[in-house]
Structures are given as structure tokens and as C-alpha cells.
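Visitor: Hi! Could you walk me through this structure, step by step?

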Amino acid sequence: KRELQLEDVTANQLCDDLAELFAAEQEAGGASLEFVRGAADAPLRLDRGELRRALVNLVQNALFAAGPGGHVAVLTVRRGDGGFAFTVRDDGPGIPAESRARLFEPYFTTKSAGTGLGLAIARRIVEAHGGTIGLVRADPGCTEFEVVLPGGGGLRPSAPLSAEPRSHRAKPGSTRSAQPGTRARIARAATSGRPGPFRGGDGGL
């Protein structure tokens with residue numbers, strides 16, 4: 001297990017990280033990516049690289065689901081209880097009802113291109129920060145995943161990061177897997193909390 005490397009980060013900085021990472025995808029004509037920064041300067045104390053990695057996995061899945069001509073939005077909101085929410089919304093085809101209960105299981109997939117690790121790793125990271133992650137909607141034209149974190153500088157991780165699955169072999173399929181070009185770029189996304197070259201997606205759902 002590894003201790004989280006906590007630092008002060010704003011929701012706006014995390015959005016900037018995502019925008020930088022997916023800029024090439026936007027230029028290549030994939031789904032459009034919009035940031036609605038309702039908690040832009042909200043203070044967060046977290047492991048920037050790890051939390052970014054979790055958000056990258058959500059955005060990566062959403063962009064693939066929306067496809068060329070589709071739309072993905074990342075919304076940041078300050079909650080009434082002092083917490084903060086990051087919502088990733090896409091206008092893709094939705095998620096089949098029979099798949100929804102298993103989305104966060106390691107290696108659960110329905111497409112040959114996916115590893116089935118993206119959401120499992122995202123949940124591990126978010127829960128290590130004392131937060132929650134879940135599927136909010138999965139309807140055709142509107143799928144939403146939400147990450148909720150404790151607010152302000154008082155964030156305290158609930159536990160060290162647990163070990164990841166040893167094998168990253170792709171299992172048969174993924175419900176929402178990244179496109180090949182995206183997977184190659186995101187495999188280089190940074191897991192460090194500092195700005196710089198990215199090394200951090202996990203190959204889709």
C-alpha cells in the first residue's frame with residue numbers, strides 16, 4: 001500500500017489538467033469536451049496525480065461512449081454539506097441495465113478492447129480520499145458518473161491506496177472502452193501530482 005501524497009489543489013486546476021490531456025483528442029475530431037466550473041477555486045487537499053487519474057478514467061470512458069459528434073461535460077459543484085462533486089456526463093447510448101451493478105468490479109467488461117480496470121481503479125482512488133463514486137444516470141443520451149469528496153482543506157484520506165490488480169491483461173470486452181489512440185496517450189499520463197507529462201489512464205472500463 002502507498003500513502004497519498006496530499007497537496008492543496010483547486011477544482012479548476014484539475015479541470016485544466018484534464019483539458020491539457022485530452023486536447024489532442026479534441027483536435028482529432030472526437031466528442032467535444034466542456035468544463036462547467038461551478039467550484040473552480042474550491043480548495044481541495046488531495047493527491048493530485050491519483051485523483052486526476054480517477055477523473056481521466058471517467059472522461060476517457062465518456063468520450064468513447066459519446067463518439068465523434070457527441071458531447072461530454074465535466075461539472076464541478078460545491079455541495080451544501082461542504083463537499084465537492086465532479087460529474088462526468090456524456091450523451092452516448094447509455095449503459096445496459098444488466099451491466100450497471102457490476103461496473104466497478106475489476107475486469108468486468110463487454111468489449112474486447114477494454115481492460116475492465118478503469119472504474120475499479122477510480123473507485124479505489126476516490127475511496128482512499130474518503131470520497132464516493134457512483135453511477136447517477138445511465139439513460140440513452142445522458143449517462144452521469146459522480147465523484148464526491150469532502151470539502152475544504154480538512155480532507156483526510158480514509159486509508160492508504162491499496163495494491164492494484166497485478167495483471168493488466170484485457171479481458172473480453174468493456175462496456176465503455178477507450179479508443180486505441182486515446183489509450184496510447186493516456187497510458188503516458190502522469191500519476192505524479194505536479195504538472196508535467198501525463199501517464200495515467202487505465203484502458204477503459
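Predicted model: local features only at pLDDT ≥ 70, side-chain atom pairs only at ≥ 80, totals over all residues.

Visitor: How many aromatic pairs does a search of the whole structure find?
Guide: Ring centres have to lie within 6.5 Å of each other to pair. Phe 104 and Phe 145 pass, at 6.2 Å centre to centre. Searching the whole structure gives a count of 1 aromatic pair.

Visitor: Which kind of pair do Phe 104 and Phe 145 form?
Guide: Look at the angle between the ring planes, which is 75°. Planes over 60 degrees apart count as edge-to-face. So, by that cut-off, the pair of Phe 104 and Phe 145 is edge-to-face.

Visitor: How many residues apart in sequence are the parts that this pair ties together?
Guide: Phe 104 sits in the loop between helix H4 (97-100) and helix H5 (118-128), while Phe 145 belongs to strand S7 (residues 142-149). Both Phe 104 and Phe 145 are buried. Given those places in the chain, the pair links parts that are apart by 41 residues.

Visitor: Is Asp 47 buried or exposed?
Guide: You'll find Asp 47 in the loop between strand S3 (43-46) and helix H3 (48-66). Its relative accessible area is 3%, and the cut-off for this class is under 20%. That makes Asp 47 buried.

Visitor: Which are the edge strands of the open sheet of 5 strands?
Guide: The strand order is S2-S4-S5-S7-S6, and the pairing is mixed. An edge strand pairs on one side only. That picks out strand S2 (32-37) and strand S6 (132-139).

Visitor: In what sense do S6 and S7 pair?
Guide: The two are joined over 7 bridges. At one spot, Asp 139 stands opposite Cys 142 in S7. The sense of the S6 and S7 pairing is antiparallel.

Visitor: At about what angle does H3 run to S5?
Guide: Two helices lie across strands here. H3 lies across S2, S4, S5, S6 and S7, and its angle to S5 is about 20°.

Visitor: How many disulfides does the count come to?
Guide: A disulfide is a covalent bond joining the sulfur atoms of two cysteines. Cys 15 is buried, at 2% relative accessibility, and Cys 142 is buried too, at 13%. For a disulfide, the sulfur atoms must be within 2.5 Å, and by this rule the count is 0.

Visitor: Which residues make up the covered face of S3?
Guide: S3 runs antiparallel to strand S1 (residues 7-10), joined by 4 bridges, and Asp 8 stands opposite Arg 45 in S3. Arg 45 and Pro 43 form the uncovered face. The covered face is Leu 44 and Leu 46.

Visitor: Which residues does Val 36 touch, not counting those up to four places away in sequence?
Guide: Val 36 is in strand S2 and is partly exposed, with a relative accessible area of 34%. Its C-alpha atom is 7.1 Å from that of Ala 73, which is 37 residues apart along the chain. With those sequence neighbours left out, Val 36 touches Val 74, Leu 75 and Thr 76.

Terms used:
Residues numbered from 1 in each chain as written. Heavy atoms only, no water. Phe/Tyr/Trp six-rings, centres within 6.5 Å; stacked < 30°, edge-to-face > 60°. Buried < 20%, exposed > 50% of the residue type's maximum accessible area, 1.4 Å probe, protein only. Pairing = 2+ DSSP bridges. Contact = heavy atoms within 4.5 Å. Axes fitted to C-alpha atoms, helices over the stretch in contact; angles between N-to-C directions.
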